[in-house]
Amino acid sequence: MKKRKQLIALLLAATTTLSFTACGTKANNGDNNNGNNGNNNKSTASDANATPKSSSDTLVVDAGGFESKFSPFFAQNVDDVHIGADYTQVQILGLDRVGNPVLQGIEGETREYNGTEYTYYGASDVTITENSNGTVDYDIKLREDIKFTDGEPLTADDVIFSLYVYSDPTYDGSTTIYSQPIAGMDEYRNGMSTLSALIGAAGEDNTDYKFWTEDQQKKFWDAVNDGGVKYAQTIVDYMVSDQGSPEGDVKAAAAGWGFDLKDGATTKDFFLAIAEAYGWNFSAMEKETAGTALSTLIPEEVYNYPTVGVSTGESAKNISGIVKTGDYSLKITTSKLDATFIYQLAMPIAPLHYYGDKSKYDYDNNQFGFDKGDLSIVRSKTTKPLGAGAFIFKNYADGTVYMDANPDYYLGAPKIAHLNVKETQEADKLTGVQTGTLDVANPSYSSEVAKQIAEINGSDELRGKVIDTELIDFRGYGYVGLSADNVKVGSDPASEQSKNLRKAICTVLAAYRDEGIDSYYGATATVINYPISNTSWAAPQVTDDGYQIAYSKKLDGSDIYTSSMSADEKYKAALAAALEYFQAAGYTVTDGKLTAAPEGAKLEYTVNIGAGGAGDHPTFLILKNAADAFKSIGFTLTVNDLAQASDLYASYQSGVAEMWCAAWQAGGDPDMYQLYHSQGSTNYYKIADKDLDETIMLARQSTNQTYRKGLYKAAMEVIMDWGVELPVYQRSEAIIVSSERVNIDTLPKDMTPYWTWSAELEKLELK
């Protein structure tokens, strides 16, 4: 049975419109100053009932949609994160234009990018020391002039409080610093469990009420037997109606969803299996939804049992690796070097006095602002954030978040008095900027959108008198995924025959990428050849030794293509090469056609794509052209165009899909553990390779980028050899800004995926 944890890498279908990347993991940048920019005007409260429309002192920005979890601890939706962890908060450290951590933020670090030197400022200096015993010290020195928006100073106590919230045994937000090798972390988290995990593990027939009451147990199992069973039944119904599972066969439906049950299993058994996989955390179990929210089926009291901590034994009173060294300094010690740890420090510093209880904070006596195992006071502030960021949250009403400038922001008061972030439909983004209901928007960019912008500007230009368009590479890439478990020969997904089957499919698909991406995106996207975003420093470059076009080799290792081939000649060459792979996989080939499949394999496979049921997707044409080519050799590739993105997600996250089209969004560090390690929580490819696992772990144990880049290149070659992923495209992301209302000259220069329009929000001016 698989056990999946909460996503860190943001997984999105390629058709999903992404909100812009805000300043959550950025360091502030300035050319010459390191403090107030001269604007000390006090802000006034926003009118919550006003129509969100641009005015002389208000910037209106689009958002995809809010869940109202505007908490630096619990925000998950990307738009909620912008509000709760970006605009209103300050991070321990940030990233520069290429995604590298800024370690000396107090005085600033000057780094060159694209021929220009930029100075980056942040809230702290971080000194990293590798000790002879293998441990690593991270000494953090905070600026002493940062205030929260209620006037309270930001100190080391606030950082320590925040770290202990993230490390609490009942914390179930998306930040996973508790999984890092911080000295003493395991000892601190041991000896405590959650009420739901304990009752669930004890079983329905338990009669020992040492850690909970009989009434609590009854309510728990009543909820499981009613709402829990109904929840599992919705998944079974989905598997029957949409995936063809035999009606009444719970075991088969669960197997298709990724859970291995015994013969004769009931729907309740299915729910218990899901619950066990998620440690009885009902909120985390929502990820297994087939459309019905578990929170609507289980009483609120029971639904919150996973947030109730219960002491079951001895545990450490503190985390030995987190040590306060001064009013504005602390040290974090890890038991070993992990290159990904430094990125964990790009986390918000939340105010102890607001999110916690100051009467319960006494560092010397192991009190950290709340009772261990009880984050209720932190959760109670989820909908109204308070921090030290550039803007002050006022309220959320009618689909709009209203914020005012923070006059005491440590890098200078924003020159814009008010910031409104408004939920906006995709179809309304261009017209919103054109008509004045929006000042900044992030439309899903394509050649058609570029044409519309040019028409609005009354010229062929994307930067004109009405709309200024800033193009940056999207911090991610589109791909076609193949499940090694579902596309294989025999019973071994790692066999050479299984790999050859998948390579045969990828070889034909790869040949049609240029035409398909050019047709959909024009010059706004490029075809990529490795499973990594081109925005990453670890991405192989065309000029690197050994760089290869994806799936451009024949079975014998020779090139499929020559430089003189026409497009039609390339398609024929790819098809011929695919036949060789099919034959090596065990298929019977007669007169250039497949006539029989080996055991465990088929002559027909299905690829799921979220193209809205209308073919509106950058990879759709690639699949259709490849399907036509496959048909000519007796192989059927069925293109399943799903109207609902949720169905696409469910198909591959549950392990049902044979093939699918989606996109990954990359973080600052190219760590591959989650996606490709055999134990990775989002390894939907089902790749399990010992050499790959070892390479991924080796890359974590060094901070030398050149060394790590070589390891990641080797890892990507293993992934490609398995044939579980075809990299397809790196698209451009468009940020459109009103040229009529925004002073374009005050936008950041040399924008990147890590340094977008809002990276220097305090400097942005309206006309």
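Colleague: Which residues does Lys219 touch, not counting residues up to four places away in sequence?

Modeller: A word on the source first: this is a predicted model, in which local features need pLDDT of at least 70 and side-chain atom pairs count only at pLDDT 80 or more, while totals for chains, interfaces and linings use all residues. Residues are numbered from 1 along each chain as its sequence is written, and side-chain values use heavy atoms, with hydrogens and water left out. Contact means heavy atoms within 4.5 Å. Beyond its sequence neighbours, Lys219 touches Glu301, Val302 and Tyr305.

Colleague: Where is Lys219 placed, and is Lys219 buried, exposed or partly exposed?

Modeller: Buried means under 20% relative accessible area, exposed over 50%, and partly exposed in between (1.4 Å probe, protein chains only). Lys219 lies in helix α5 and is partly exposed, with a relative accessible area of 32%. Helices (H or I, at least four residues) and strands (E, at least two) are DSSP runs, numbered from the N terminus. The C-alpha atoms of Lys219 and Phe70 are separated by 30 Å, the two residues being 149 residues apart along the chain.

Colleague: How is the packing of two helices described, and at what angle do α5 and α7 pack?

Modeller: Two packed helices are described by the angle between their axes and the distance between the axes. Axes are lines fitted to C-alpha atoms, for helices over the stretch in contact, and angles run from 0 to 180 degrees between N-to-C directions. Helix α5 (residues 214-243) and helix α7 (residues 267-277) pack at about 95°, with their axes 8 Å apart. The two helices α5 and α7 are therefore roughly perpendicular; the classes are roughly parallel under 35 degrees, roughly antiparallel over 145, roughly perpendicular from 65 to 115, and oblique for the rest.

Colleague: Which residues make the contact, and how do they divide into nonpolar, polar and charged?

Modeller: From α5, the contributors include Trp221, Val224, Tyr231 and Ile235, and from α7 they include Phe270, Phe271 and Leu272. The residues of this contact divide into eleven nonpolar, four polar and one charged. Here Ala, Val, Leu, Ile, Met, Phe, Trp, Tyr, Cys and Pro count as nonpolar, Asp, Glu, Lys and Arg as charged, and the others, Gly among them, as polar.

Colleague: At what angle do the axes of α5 and α6 cross?

Modeller: The axes of α5 and helix α6 (residues 250-257) cross at roughly 85° and come within 9 Å. These helices, α5 and α6, are therefore roughly perpendicular to each other. Ile235, Val236, Tyr238 and Met239 of α5 meet Val250, Ala253, Gly256 and Trp257 of α6. This contact of α5 with α6 holds seven nonpolar residues, one polar and no charged.

Colleague: Which residues of helix α14 are buried, and why are they on the same side of α14?

Modeller: An α-helix has 3.6 residues a turn, so residues three or four places apart point the same way. In helix α14 (residues 447-457), the buried residues are Val449, Ala450, Ile453, Ala454, Ile456 and Asn457. They cover an arc of only 160° around the axis, which puts them on the same side of α14; the arc is that of the directions from the helix axis to the C-beta atoms. Their cover includes α13 (429-435), β18 (467-473) and β26 (725-738). Just after α14, Gly458 has a positive phi of about 70°.

Colleague: Which residue other than glycine has a positive phi near 55°, and which has one near 60°?

Modeller: Most residues other than glycine have a negative phi. Asn114 has a positive phi, near 55°, and is found in the loop between β4 (109-113) and β5 (116-121). Trp280 has a positive phi near 60° and sits in the loop between α7 and α8 (282-285). Asn114 counts as exposed, at 58% relative accessibility, whereas Trp280 counts as buried, at 7%.

Colleague: How many residues does the largest nonpolar core have?

Modeller: A nonpolar core is a set of buried Ala, Val, Leu, Ile, Met, Phe, Trp, Tyr and Cys residues joined through side-chain atoms within 4.5 Å. The largest has 116 residues, and those with the most contacts inside it are Leu59, Phe73, Leu345 and Trp757. Helix α2 (residues 156-167) gives the largest share of this core, eight residues. A second, separate core of 50 residues includes Tyr512, Tyr521, Ala574 and Cys661.
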